[in-house]
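Me: Can you walk me through this one? I'm new to reading structures.

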Amino acid sequence: MSQSDQPSDIPETAVGAVKWAWKWVKRIVDLERRIAAIEGTGNLDARVAALEVKMADLLSGKSPADVCRKCGNRTLRFESSKQNGAVEVWVCHDPACGSHERRQVNPR
Ligand SMILES: [Zn+2]
């Protein structure tokens, strides 16, 4: 290697380093795009699963459960009627709650 080759070697090495770095930047950006796409798909799957749970009653032909005033979950179902239908007993089927609700039924 002669002295005259040295000045031309330095810029070539610098250009090579920039090209090498640019190649890695592109790879990292591409990888980040792929991760974002996978995470997006994951969120979509979770949202579809939540919708399927909400739709399960309707798909099975059941009418949707009522909202429990104690725990707030949609797990309240009619249990029985009393006083010749003047009072209805509704029970929350959330195992952590189990609230009973008595509803006065207006005469028709
Ligand atoms: Zn409840």
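Predicted model: local features only at pLDDT ≥ 70, side-chain atom pairs only at ≥ 80, totals over all residues.

Me: What elements does the protein have?

Reply: The protein has one helix and three strands. From the N terminus on, the order is α-β-β-β.

Me: How are the strands arranged in the sheet?

Reply: The three strands form an open sheet in the order 1-2-3, and the pairing is antiparallel. Strand 1 and strand 3 are the edge strands, and each pairs on one side only. From one strand to the next, the twist averages 30 degrees.

Me: What holds strands of a sheet together in general?

Reply: Strands of a sheet pair through backbone hydrogen bonds, and the pairing can be parallel or antiparallel.

Me: Back to this sheet. How many bridges are there between strand 1 and strand 2?

Reply: Six bridges link strand 1, residues 76-82, with strand 2, residues 87-92. The sense is antiparallel.

Me: Which residues stand opposite each other there?

Reply: Ser81 stands opposite Glu88 in strand 2. Ser80 has Val89 as its bridge partner in strand 2.

Me: And how many bridges join strand 2 to strand 3?

Reply: Five bridges join strand 2 to strand 3, again in an antiparallel run.

Me: New topic. Where is Gln83?

Reply: Gln83 is in the loop between strand 1 and strand 2. The hairpin of these strands has four residues between the strands.

Me: Which other residue has a positive phi near 55 degrees?

Reply: Asn84 does, and Asn84 is not a glycine either. Asn84 also lies in the loop between strand 1 and strand 2.

Me: Is Gln83 buried or exposed? And why?

Reply: Gln83 is exposed, because 9 other C-beta atoms lie within 10 Å. The cut-off for exposed is 12 or fewer.

Me: What about Asn84, buried or exposed?

Reply: Asn84 is exposed, with 8 other C-beta atoms within 10 Å.

Me: Let's move to Val87. Where does Val87 lie?

Reply: Val87 lies in strand 2. Val87 is partly exposed, because 13 other C-beta atoms lie within 10 Å.

Me: What does Val87 touch, leaving out residues up to four places away in sequence?

Reply: Val87 touches Ser81, Lys82, Arg102, Arg103, Gln104 and Val105. Take Gln104, which is 17 residues from Val87 along the chain. The C-alpha atoms of Val87 and Gln104 are separated by 4.7 Å.

Me: You named Val105. Where is Val105 found?

Reply: Val105 is in the segment after strand 3. Val105 counts as partly exposed, because 13 C-beta neighbours lie inside 10 Å.

Me: Which residues is Val105 in contact with, apart from its neighbours within four places in sequence?

Reply: Val105 is in contact with Gly85, Ala86, Val87 and Glu88.

Me: How far apart are the C-alpha atoms of Val105 and Ser81?

Reply: They are separated by 9.5 Å, and the two residues are 24 apart along the chain.

Me: What about contacts between residues at least 24 apart?

Reply: Take the contacts between residues at least 6 apart in sequence. Of these, 18% join residues at least 24 apart.

Conventions
Residues numbered from 1 in each chain as written. Pairing = 2+ DSSP bridges. Helix = DSSP H or I, 4+ residues; strand = E, 2+ residues; numbered from the N terminus. Axes fitted to C-alpha atoms, helices over the stretch in contact; angles between N-to-C directions. Buried ≥ 20, exposed ≤ 12 C-beta atoms within 10 Å, placed from the backbone. Contact = placed C-beta atoms within 7 Å.
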